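Please look over the sequence and the model shown below. The paragraphs after them go through the structure part by part.

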Amino acid sequence: MEKRERWLWYLWFIFLALTTYSPIVAPYNKTEPVIFGFSFTLFWWMVLTLILLFSVIVFASRIWRRKNE
Amino acid sequence: MNSVVLFLGAYLLVCLGFAYRGWKRRGEDLEDFFITKRTVGGFVAFMTFSATLFSSFTLVGMPGFFYTHGIGSWVFIAFADIFMALMIYFFGIRFWLLGKKFGYITPTEFLRDRYESDYVSVIAVLIGIVFLLPYISIQLIGAGIVLKGALGIPAFYGSFLLALILIIYSELGGMRTVAWTDALQGTILLIVGFLVAILFLREFGGISLMMSQAIEKYPELMTVPGPKGLFTYQILISFFIMIIFMPVTQPQLTVRYFIPESKKTLKLMMMATPIFAFLAMLPQLFIGIGAKIAFPELASGDQALTSVLTLIPPVVGAIAVTGVIAASMSTADSQFLVLSSLITKDFYVNILNPKSSNRKRLKIARISMFLLLLLAFIISLKPPKLIVTLSILSFAGTLQVLPTMLGGLFWKRATREGAISSMLVGVLTLSLFQWVLKPPFGIHQGIWGLIFGSLSFVLISLITKPPEKKAKKILGYLKEALGGLENGS
């Protein structure tokens with residue numbers, strides 16, 4: 001993986017963490033609207049968690065090249 | 001009760017079967033006993049890592065957290081656990097490479113080598129023992145509570161049964177058996193979580209209807225900081241930091257970086273661990289929130305799971321009991337195995353008796369394992385009210401090794417004096433804010449320990465002379481090996 005791409009990934013993961021935990025962007029106290037039965041805060045966290053999950057998988061699949069395995 | 005005995009008995013017999021198989025394939029040295037000579041394949045390596053991470057806390061403590069503190073528990077644990085998988089990239093590959101190159105069996109051996117100091121490894125080992133023994137006791141307590149609810153036997157006997165089976169299979173097969181049983185235990189944990197959650201959700205008519213009821217009746221559960229005000233921003237961020245660094249601060253996880261047979265196995269660990277974390281945590285959300293609706297007046301959140309089990313078919317309840325026992329065992333066995341390795345390799349072999357025979361070393365390993373478990377069992381006889389409290393202190397305590405680990409891996413100016421001071425300052429600061437003063441600004445005492453420990457590490461390292469030989473060799477090797485890895489050469 002190129003150095004530049006690696007740094008973009010790091011920034012992306014930091015961004016996801018900030019989006020989840022930062023009081024400014026995290027909708028901590030919103031029960032409305034209810035989406036699929038989830039309060040808005042929980043729904044927001046579920047979406048971010050799933051994005052993080054898929055990001056980690058894609059990152060892992062790209063970092064170490066097949067040649068070295 | 002009969003079905004509990006049946007499922008639990010069958011599960012314990014399989015564990016003993018693994019023990020027999022491990023005994024038949026046993027080697028004659030510590031490398032085989034503690035890290036299976038680095039030959040663990042993809043599925044077992046990932047499952048032993050994940051099952052070690054998720055203990056009975058997942059099945060008993062987490063529904064309790066959702067029950068008591070609401071949805072903040074999701075980011076408190078689930079998001080952080082998934083994020084933690086990234087650390088396999090930053091630390092896992094480094095430890096794996098170093099272990100293969102320099103023959104390390106324990107993470108603290110790396111510290112001894114890197115800082116050229118016995119004191120550094122001894123202090124790190126002592127921190128591990130002091131803060132992990134209570135964690136092992138938590139697993140024994142969890143098993144005792146669950147068996148008391150399921151079989152009506154005193155908690156003491158449940159804890160004793162768990163300890164007995166653990167010691168038998170760990171003594172016989174070492175890491176080989178522990179890794180196999182972890183794979184089984186992790187699978188059971190996932191199955192149990194989903195079975196209980198699905199059957200429980202049927203009582204409400206589905207997720208949507210259950211969550212709607214929760215929003216209507218307990219809106220404070222659906223926001224942070226939650227009904228008791230626990231999940232403030234400061235606390236959520238404090239725990240995020242403590243959890244994501246667990247694979248490098250908790251030796252039972254770090255040692256799992258030594259066992260994979262190849263880089264491909266590490267890659268699989270990194271890809272599969274977050275999936276496991278998500279699947280392990282999701283059912284606990286529904287069980288905890290649903291329990292609040294069905295049983296609003298429980299004395300403690302820890303009773304959420306056992307209360308929910310009264311509403312689902314007894315056969316599934318029996319499987320769930322087996323699941324909790326399995327989850328307790330998967331963490332406890334890894335913890336006392338690694339603590340035994342620290343005592344045997346770091347104290348006995350590296351300091352006290354470097355010329356000892358393999359036979360003698362294995363004997364010391366087995367005796368120390370037995371004594372550690374005995375001590376954990378004695379601690380478990382006086383259980384705390386909320387079992388999670390001890391577990392949380394364990395994260396915070398072992399976190400104080402973080403600057404020493406990071407400095408050892410990434411900073412060539414890091415010195416032994418800096419490392420020793422950071423661990424001592426970190427633990428003292430943690431103790432001060434745990435038992436004497438209230439932590440300022442609502443930040444967790446573990447993080448204060450980390451802040452002061454890191455400052456001390458950097459300042460003392462800058463004014464002392466860094467170790468020349470081994471540090472250069474280790475960091476130089478890492479740079480070269482990782483450079484080749486990233487560039488595909």
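Of the 69 residues in chain A, 49% count as buried, where buried means under 20% relative accessible area, exposed over 50%, and partly exposed in between (1.4 Å probe, protein chains only). The model is predicted, so local features need pLDDT of at least 70 and side-chain atom pairs count only at pLDDT 80 or more, while totals for chains, interfaces and linings use all residues. Residues are numbered from 1 along each chain as its sequence is written, chains are lettered from A and ligands numbered from 1 in the order in which they are written, and side-chain values use heavy atoms, with hydrogens and water left out.

Chain A has two helices and zero strands; helices (H or I, at least four residues) and strands (E, at least two) are DSSP runs, numbered from the N terminus. A contact means heavy atoms within 4.5 Å. Among the contacts in chain A with a separation of 6 or more, 47% are between residues 24 or more positions apart.

Next comes the interface of the two chains. The size of an interface is often given as the accessible area lost when the parts come together. Chain B and chain A bury about 4000 Å² between them, and 75% of this lies on carbon and sulfur atoms; buried area is the accessible area (1.4 Å probe) that two parts lose on being put together, summed over both. The contact involves 45 residues of chain B and 38 residues of chain A.

How many residue pairs are in polar contact between chain B and chain A? There are four, with both residues at pLDDT 80 or more. A polar contact is a pair of N or O atoms within 3.5 Å; within protein, one must be able to donate a hydrogen and the other to accept it, and residues adjacent in sequence count only if both atoms are side-chain atoms. Salt bridges (a side-chain nitrogen of Lys or Arg within 4 Å of a carboxyl oxygen of Asp or Glu) number zero between chain B and chain A.

On the side of chain B that touches chain A, the elements that give two or more residues are α5 (72-84), α6 (87-102), α10 (207-217), α11 (233-244), α14 (263-294) and α22 (469-487) of chain B. With twelve residues, α14(B) gives the most to that side. The residues there divide into 33 nonpolar, eight polar and four charged. Here Ala, Val, Leu, Ile, Met, Phe, Trp, Tyr, Cys and Pro count as nonpolar, Asp, Glu, Lys and Arg as charged, and the others, Gly among them, as polar.

The largest nonpolar core has 195 residues, and Trp74(B), Val196(B), Leu285(B) and Ile289(B) touch the most other members. Such a core is a set of buried Ala, Val, Leu, Ile, Met, Phe, Trp, Tyr and Cys residues joined through side-chain atoms within 4.5 Å. Leaving out residues up to four places away in sequence, Trp74(B) touches residues of both chains, including Leu42(A), Trp45(A), Phe66(B) and Phe278(B).

Some backbone details remain. Most residues other than glycine have a negative phi, and most peptide bonds are trans. Val224(B) and Pro225(B) are joined by a cis peptide bond, with omega about 15°, and Pro225(B) lies in the loop between α10 and α11 of chain B. Lys37(B), in the loop between α2 (30-35) and α3 (42-53) of chain B, has a positive phi near 55°.
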